[in-house]
Amino acid sequence: MLQHLITQGEDLRMVPTDHDQLTTAVEKIREELQALPEGEDIARARVLARWTGIGLLSLGRHDDARVFLRQALDLAEASGNSRAVIATQLNLGDAYRYGGEAENADVFYRRALDGARGQHPELVDFALQHLGKHLMEQGSLMPARAHLQEALRLRTAKGDAGLIESTQAAVDRVELLISHASADTPASADGAAEAAQRSRRWTSWLQSRTTGSGRRPGGRKGFQLSGTL
C-alpha cells in the first residue's frame, strides 16, 4: 500500500523515499479509515490502521504510529488473524524501538518470534531480522549476529533478492560492530567500559537519525517491509 514510498535508510530503519508524498498518502489512508462505518469491514479497518501506523512511523511520528498500530493489533486479535497479529507486533516493536523504548520493543519482538515459530514459520525470518536489529542497537552484538545469520539462511532459502539484501546489510553492520568491539576490548575493566560506551554512542546516533521527520538520504534498493505481510 505504501511500499513504494518507504525504504531503508543508512541506519537500517524505515524512512520515506519522499517525505511530502508519504505524508499525503498517509493522510488519505487515515481519512478512509475514519470514514468506515464503526464495526463494519473489520479486516479493511485493520489494514488501514496498520498502514497508517507504518507510514507515521517512517515519518518519525512514533507516538502517533503506536496509536494506530495498537488499533490494528486489537483488530487482528479480535478477528483471530494470527498472521496479522505477528506482523503488527513487529511494527509495534519498531515503533517503540525507534522512539527509544527498548524494553517495550523487546516484548513485542519476542512475542512475534514466538508466534512465528509456533504458528507461521514463513514469518520467522521477519521476526528474527527485527529482533536482531533491536539487539544490535542495544549492544548485544553476539545474539544479534546469531539472529540475523539465521534470518539470512532462511531468506537465502526463500530466494527473495530484496529480503536477502536487507538482511545482508544488517549482518554486515553487526559484523563491523563486533570487529570494532573486539579491537577495543582488552582483558580489563577499562576495555569493557570502552566497548560499552561505543555501543551507547551507536544507539544514540541511531536515535538522533530518526528524531526528525525530514528526508534522509541513503535509501537501500530492494528493501521490503514487514508491513507487506
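## Leu12

In this predicted model, Leu12 counts as buried because its relative accessibility is 4%, and the cut-off for buried is under 20%. Leu12 sits in the loop that links β1 (6-8) to β2 (14-16).

The backbone of Leu12 has a positive phi of about 65°, although Leu12 is not a glycine.

## Asp41

A second residue other than glycine with a positive phi is Asp41, where the value is near 50°. Asp41 lies in the loop between α1 (19-35) and α2 (42-58).

Is Asp41 buried, partly exposed or exposed? With a relative accessible area of 46%, Asp41 is partly exposed, because that class runs between the limits of 20% and 50%.

## Helix α3

Helix α3 covers residues 62-79, 18 residues in total. From its first C-alpha to its last, α3 reaches 26 Å, close to the 26 Å expected at 1.5 Å a residue.

Which residues of α3 are buried? They are His62, Ala65, Arg66, Phe68, Leu69, Ala72, Leu73, Leu75 and Ala76. An α-helix has 3.6 residues a turn, so residues three or four places apart point the same way. The cover over the buried residues of α3 includes α1, α2, α4 (82-98) and α5 (102-119).

## After α3

Gly80 follows α3. The phi of Gly80 is positive, near 75°.

Definitions and conventions: Residues numbered from 1 in each chain as written. Predicted model: local features only at pLDDT ≥ 70, side-chain atom pairs only at ≥ 80, totals over all residues. Heavy atoms only, no water. Helix = DSSP H or I, 4+ residues; strand = E, 2+ residues; numbered from the N terminus. Buried < 20%, exposed > 50% of the residue type's maximum accessible area, 1.4 Å probe, protein only. Expected span 1.5 Å × (residues − 1). Contact = heavy atoms within 4.5 Å.
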